[in-house]
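Subject: Structure for you to look at

Hello,

Here is the structure I said I would pass on. Please open it first, then read my notes below.

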Amino acid sequence: MSKVYLLGAGPGDPGLLTLRAKDILSRADVVVYDYLANKAFLDFARPDAEIYYVGKKGGDHTLPQDRINELLVAMAKSGKTVARLKGGDPYVFGRGGEEAEELVAAGCPFEVVPGVTSAVAAPAYAGIPITHRSFCSSVSFITGHEDPTKAESSLNWKAFATSGSTLVFFMGVKNLPHITENLMAAGMPGDTPAALVRWGTTCRHKSLVATLATMPEEAARHGFAPPSLFVVGGVVSLRDTLSWYEKRPLLGQGVVVTRSREQASDLVRLLADQGACCHEFPAIEIAPLADPAPVHAAIDRLFDYDWVIFTSANGVKCFFAAIDAKGLDARAFAGIRLAAIGPATAEALAARGLKADFLPERFVAESVVEGLLALGVAGAKVLIPRAREAREVLPEKLAEAGAEVTVLPVYDTRPVDRDPAEIVAAMEAGEIRYVTFTSSSTVTNFFAKIPTEVLKAAKVKTACIGPITAKTLGEYGFVPDVVAAAYTVPALAEAVIADAVAAAGEATP
């Protein structure tokens, strides 16, 4: 049965979306979303879902409210399940009530899924509790932009000014002089602490503290613009003590992640946890082989090998896909010793119930061969399931050491055909601080899309997962600003974070 769900998307941090909203998004036929609803939430939608952007920004309406209402009704009446994704909470200055009334009038079933309102979340991320026993026992949520068709204001400025409540104004930046003048005229002292919180809870979050009297001037001086909340009250004085989110070292800094989409999530999470605005621009993608017959043949003769060396988690995943297809499991490796090049590869094996017999301390060919020689690889038959296109150093050095090596392609890597315009525009606007590279192929395919001059002109920093990737980057005229101490994604994230901390220290007078 068709239904429209009015979903509260929360204030912007993807982690604040409710489980109920995520579940509905994953099942909806249609998603209709607002300007303040994080686009990352669309990743939860079905690949075949119809997506409609109806955002309203500073008076620029992609779709007027009456047309939005018509769209929701039309989609519902066509038998579709509709997820209407609204920033914050649908019923807190979100016009959710108006949309619900239209649905009722049209006879369309609907449900409301409340969301975390920015009035609570944004100040909390700025270090401002909206209630506190030492300052206030109540809070008022107030529109800073009343319906312009109303004959007169319904706001009781005298009550607000004398109530002792924390006041939270939505959409009030453009009307700051009007709001502050009315509050002071109604008796609120001009030295009352006040704050603006812009893009609260997102990677673009920033806040500004002043007094009620000085805030309009300070806001203009610091370039504060919508979307911002205006918070007034004694609780604002706690901001310097309780601030936590704004201490994240990568807050507001754009980082491009060039890893394949299948693998990018760990790096994105590690960087985003420290405040980074991550731009996913996968330079490569993992593709199945056109002909899996050679892989199946190798599995049939797996018992011929003494060692199987996995060089990546992708190799584990794709090789086991073929093992699964043949109705086999981890027992196919009975009597065979396993090597994993890197902890992520070892974890992929462990997830399949297999423990690597060898995990090198350093993930370069020389170190791997040295460790395997100590375990008797000389004279052994070795199978290396890997990408079709990969460096030949490891199999060559193993062969030189006396091993009988078979390289088995189990997947292809290929460039991603993606328009670079959005990333280029972000670089030229100064919104990108780092570009991360996790393999030589990410470097090569990235620069096949984006000219080196763009990075140089934008003074973007480059970060590499290890010396091999750094060497490839050097072929394009760059000395990496950051190189991970270990050939792992966590080490790369740590290196970028450490560089940002060091840069912030140098910038502090």
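Start with two helices, α10 and α11: they count as roughly perpendicular to each other, because their angle falls in the range of 65 to 115 degrees. The angle itself is about 75°, and the axes lie 10 Å apart. Bear in mind throughout that this is a predicted model.

Who meets whom there? From α10 come Val 295, His 296 and Ile 299. From α11 come Phe 319, Ala 322, Ile 323 and Ala 325. By type, the residues of this contact are six nonpolar and one polar, with no charged ones.

Now α10 by itself. The helix spans residues 293-300, and its buried residues are Val 295, Ala 298 and Ile 299. Their arc around the axis is only 100°, which puts them on the same side of α10. In general, residues three or four places apart in an α-helix point the same way, because there are 3.6 residues a turn.

Next, the charged pairs. How many salt bridges does the structure hold? The count is 24. Three of them are worth a look.

- Arg 84 and Glu 99: their side chains meet with N to O at 3.0 Å. Arg 84 sits in strand β6 (residues 81-86) and Glu 99 in helix α3 (residues 96-105), so the pair ties together parts that are 15 residues apart in sequence. Both ends are buried: Arg 84 has a relative accessible area of 0%, and Glu 99 has 1%.
- Asp 240 and Arg 239: the closest N and O atoms are 3.4 Å apart. Asp 240 is exposed, at 63% relative accessible area. Arg 239, in contrast, is buried, at 15%.
- Arg 331 and Asp 329: this salt bridge has an N to O distance of 2.8 Å. Arg 331 counts as exposed, at 67% relative accessibility. Asp 329 is partly exposed, at 32%.

The pair of Arg 84 and Glu 99 also belongs to a network of salt bridges. Asp 34 and Lys 86 are the other members.

Last, the chain as a whole. The chain has 509 residues, and 49% of them count as buried. There are 19 helices and 22 strands. Along the principal axes, the C-alpha atoms fill a box of roughly 90 × 60 × 45 Å. Take the contacts between residues at least 6 apart in sequence: 67% of these join residues at least 24 apart.

To find your way in, begin with the contact of α10 and α11. Finish at the network around Arg 84 and Glu 99.

Best wishes

Definitions and conventions. Residues are numbered from 1 along each chain as its sequence is written. This is a predicted model: local features need pLDDT of at least 70, side-chain atom pairs count only at pLDDT 80 or more; totals for chains, interfaces and linings use all residues. Side-chain values use heavy atoms; hydrogens and water are left out. A salt bridge is a side-chain nitrogen of Lys or Arg within 4 Å of a carboxyl oxygen of Asp or Glu. Helices (H or I, at least four residues) and strands (E, at least two) are DSSP runs, numbered from the N terminus. Buried means under 20% relative accessible area, exposed over 50%, partly exposed in between (1.4 Å probe, protein chains only). The arc is that of the directions from the helix axis to the C-beta atoms. Axes are lines fitted to C-alpha atoms, for helices over the stretch in contact, and angles run from 0 to 180 degrees between N-to-C directions. Angles under 35 degrees count as roughly parallel, over 145 as roughly antiparallel, 65 to 115 as roughly perpendicular and the rest as oblique. Contact means heavy atoms within 4.5 Å. Ala, Val, Leu, Ile, Met, Phe, Trp, Tyr, Cys and Pro count as nonpolar, Asp, Glu, Lys and Arg as charged, and the others, Gly among them, as polar.
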